[in-house]
Amino acid sequence: MIIAERKPMKELLEMVSNVRRLLVVGCRGCVAVCSAGGDKEVSILSAALRLGVKKAGGEIEIDQDTLVRQCDPEYIDPLNDRASKYDAVLSMACGVGVNFVADRCPDVNVLPALNTTFYGANLSSGEWKEMCAGCGACVLHLTGGLCPVARCAKSLSNGPCGGSQGGKCEINPDVDCVWQKIYDRLSGMDRKEELRQIMPIRDWTTSGHGGPRRRIREDLLP
Amino acid sequence: MSKIKGFCCNYTLSVDDDALRQEGLVPRGLEIERLPCTGRLKVPEILDAFAEGADAVFVVGCQIDKCHNLSGSYRASKRVKYVKEILKELDINPACVEMFFAGRGETEPVVAAARVMASMAEEGRDTDKV
């Protein structure tokens, strides 16, 4: 899922410093699952903003709502009418949601409440780890299911660098060297000979270096 | 007079807070809200208490390993910790909110908590008042 985290309160308070009527809008998609922008977080942020604005001597009226998703038009288009009575909409969706509101709701002053961080998995309650970089050219079938693009600090394609020591990455002793893990995993599956095959230089155009990506499925188009 | 808000679980405080005030046992500015369990207390409710003028807020739940609802007071303590983080971000003294634990039906720890928070609020009132 997409992992995100709330922006610092100081940044958010500055963002809404000229706002008198604010609608805080959460999303029940990924950001709800990673406890960054669901119903609960909308309530907490609204209360924190009320307190912060009051402490600064200001006044603000905050309403709150949470949409099923902010990345589908049927859920955000109603904001075009609804948001007219607010000075701003503070979106607690990931960057996709904020962009989509901005694209589809021309008169809505949409503001981001979150920093969108990575695609990750939930290791345990309150802990998430990056697992995918969304590079658009998956090589997981060659690496035992472990991603060298997202999980190697240098995104190396052909084995570890000299900074791999004792199975750990040189950037941080708490970070596993994913190439060590790939080697161990493929060895355990009696597939380590496959690692002798050199991966060609990656074509990064699928990773956004060729501009914003788009996917079309003709069979699903209206 | 400092305004103190206390959230107490139904199993800790056995005496009505009006009675405590009349006896002069707790600060006059104390308001106590009883909850079925402190595990029901949400982060926004604590923040709202500050927004409504409280100088300090405290929560009293069951002893952490003897919660009537098993983990209610533990959950409350984690939420209080989170509120402290938010208060820090808002430049409000995080010591303005505290979690306390009391045995079943024990009023004394609640009275003590109220006094500690009142004293703390009086000290920091001028600088941290919302």
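Strands here, like helices, are DSSP runs numbered from the N terminus, with at least two residues (E) for a strand and at least four (H or I) for a helix. All of this comes from a predicted model, in which local features need pLDDT of at least 70 and side-chain atom pairs count only at pLDDT 80 or more, while totals for chains, interfaces and linings use all residues. Residues are numbered from 1 along each chain as its sequence is written, and chains are lettered from A and ligands numbered from 1 in the order in which they are written.S6(A) and S7(A) run antiparallel and are joined by five bridges; two strands count as paired if DSSP finds at least two bridges between them. The hairpin they form has two residues between the strands, and A:Gly126 takes a positive phi near 90° there. On the other pairing, S1(A) and strand S6 (residues 114-124) of chain A also go antiparallel, over five bridges, with A:Arg6 opposite A:Leu114 in S6(A). Put together, this is an open sheet of three strands in the order S1-S6-S7. Strand S1 (2-6) and strand S7 (127-132) of chain A are at the edges with a single partner strand each, so one side of each has no neighbour in the sheet. From one strand to the next, the twist averages 70°. Angles of this kind run from 0 to 180 degrees between N-to-C directions, and axes are lines fitted to C-alpha atoms, for helices over the stretch in contact.

Chain A has another open sheet, this one with four strands in the order S3-S2-S4-S5 and parallel pairing. Its edge strands are strand S3 (61-67) and strand S5 (110-112), each pairing on one side only, and its twist averages 25° from one strand to the next. Strand S4 (residues 88-91) of chain A is tied to S5(A) by three bridges, running parallel, and A:Ser91 has A:Pro112 in S5(A) as its bridge partner. H3(A) packs on this sheet, touching strand S2 (21-27) and S3 of chain A, with its direction at about 170° to that of S3(A). Helix H6 (residues 95-104) of chain A lies across S2, S4 and S5 of chain A, at about 165° to S5(A).

A:Val42 is buried, because 23 other C-beta atoms lie within 10 Å; the cut-off for buried is 20 or more, for exposed 12 or fewer, with partly exposed in between. The C-alpha atoms of A:Val42 and A:Gln64 are 6.8 Å apart, although 22 residues separate the two along the chain.

The largest nonpolar core has 89 residues, of which A:Val31, A:Ala48, A:Val89, A:Met92 and B:Val60 touch the most other members. Such a core is a set of buried Ala, Val, Leu, Ile, Met, Phe, Trp, Tyr and Cys residues joined through C-beta atoms within 7 Å. Outside the four places on either side in sequence, A:Ala48 is in contact with A:Met9, B:Leu47, B:Ile86 and B:Leu90. A second, separate core of seven residues includes A:Cys152, A:Cys169, A:Val178 and A:Tyr183.

The contact between the chains takes twelve residues from chain A and eleven residues from chain B. On the side of chain A that touches chain B, helix H1 (9-15) and helix H3 (39-55) each supply at least two residues, and H3(A) gives the largest share, nine residues. By class, that side has six nonpolar, two polar and four charged residues. Here Ala, Val, Leu, Ile, Met, Phe, Trp, Tyr, Cys and Pro count as nonpolar, Asp, Glu, Lys and Arg as charged, and the others, Gly among them, as polar.

Chain A is divided into domain 1 (2-118) and domain 2 (135-199), with bounds from an automatic or database domain assignment. Their centres, taken over C-alpha atoms, are 38 Å apart. A:Asp190 is found in the segment after helix H8 (178-188) of chain A, and its C-alpha atom is 36 Å from that of A:Thr117, 73 residues away along the chain. A:Asp190 is exposed, because 8 other C-beta atoms lie within 10 Å.

Most residues other than glycine have a negative phi. A:Asp190, though, has a positive phi near 60°, and A:Ser35 has a positive phi near 55°. A:Ser35 lies in the loop between helix H2 (30-33) and H3 of chain A and is partly exposed, with 17 other C-beta atoms within 10 Å.

Technical notes: Contact = placed C-beta atoms within 7 Å.
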